[in-house]
Amino acid sequence: MEKRKVIAAAFLYIAAFLALWGSAAGLLSPKGVNFEVQALMAIKTVLKDPHGVLDNWDSTSVDPCSWAMVTCSTESLVIGLGLPSQNLSGTLSPSIGNLTNLQIILLQNNNITGPIPKEIGRLSKLQTLDLSDNFVTGDIPLSLGHLNDLKYMKLNNNNLSGEIPVSLASMSQLTLV
């Protein structure tokens, strides 16, 4: 009977260790790289940054919370990407959809081109999306209609085509500017 108690206790310790390890390493890839760092670096790679505002974004970093233009929660999760009026050009990487805790995207008044990545529709916590005053092209992705927390979206002064998706038009909490 005593042996069973020892085995049960050992099993509980192992289970507790694995649970703690899983939560602590939840943002790390199998190679120990932070998924948010990978996503932000993919965003940086496709943007041209003439003023060097992204210079302290470092692919070897474990924590992007000290990076310029990145806002983090008290739990050290990336919740904001604020790069307005930085003269950035290039496209917006689909990797932005991997920043699953994002609440705010402020990229207005830049020179960003190309389509709005449909992957933004995976950002279930997104509340604010401002891509106004760029050169964004194409249709507004239908996937944006899945963003139930989205309260403010500004896409004016771009080269968008097509209609506003019905799913967006029916979101009562959403202000379209």
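A few ground rules before we start: residues count from 1 along each chain as its sequence is written, and side-chain values use heavy atoms, with hydrogens and water left out. Since this is a predicted model, local features need pLDDT of at least 70 and side-chain atom pairs count only at pLDDT 80 or more, while totals for chains, interfaces and linings use all residues.

**Strands**

Helices (H or I, at least four residues) and strands (E, at least two) are DSSP runs numbered from the N terminus, and two strands pair if DSSP finds at least two bridges between them. On that basis there's an open sheet of 6 strands, ordered 2-3-5-7-9-11, with mixed pairing. Its edges are strand 2 (70-72) and strand 11 (175-176), each pairing on one side only.

| Strands | Sense | Bridges | Partner pair |
|---|---|---|---|
| 8 and 10 (residues 159-160) | parallel | 2 bridges | T137 and N159 |

**The annotated span**

The UniProt record (an unreviewed entry) puts "domain: Leucine-rich repeat-containing N-terminal plant-type" at residues 34-73. UniProt positions are in the numbering used here, feature names are shortened, and annotations may be inferred rather than shown by experiment. In the model, the end C-alpha atoms of residues 34-73 sit 16 Å apart, and the span is 30% helix and 12% strand.

**N158 in its loop**

What loop holds N158? It's the one between strand 9 and strand 10. N158 counts as buried because its relative accessibility is 16% (buried is under 20% relative accessible area, exposed over 50%, partly exposed in between, with a 1.4 Å probe and protein chains only). Its side chain has a polar atom 3.2 Å from the backbone nitrogen of N134, and it also reaches the backbone oxygen of N156 at 3.4 Å. Leaving aside residues up to four places away in sequence, N158 touches L131, S132, D133, N134, F135 and V136 (contact means heavy atoms within 4.5 Å).

**The salt bridge**

There's 1 salt bridge in the structure, meaning a side-chain nitrogen of Lys or Arg within 4 Å of a carboxyl oxygen of Asp or Glu. K118 makes it with E119, the closest N and O atoms being 3.5 Å apart. K118 is exposed at 57% relative accessibility, whereas E119 is buried at 17%.

Methods
A polar contact is a pair of N or O atoms within 3.5 Å; within protein, one must be able to donate a hydrogen and the other to accept it, and residues adjacent in sequence count only if both atoms are side-chain atoms.
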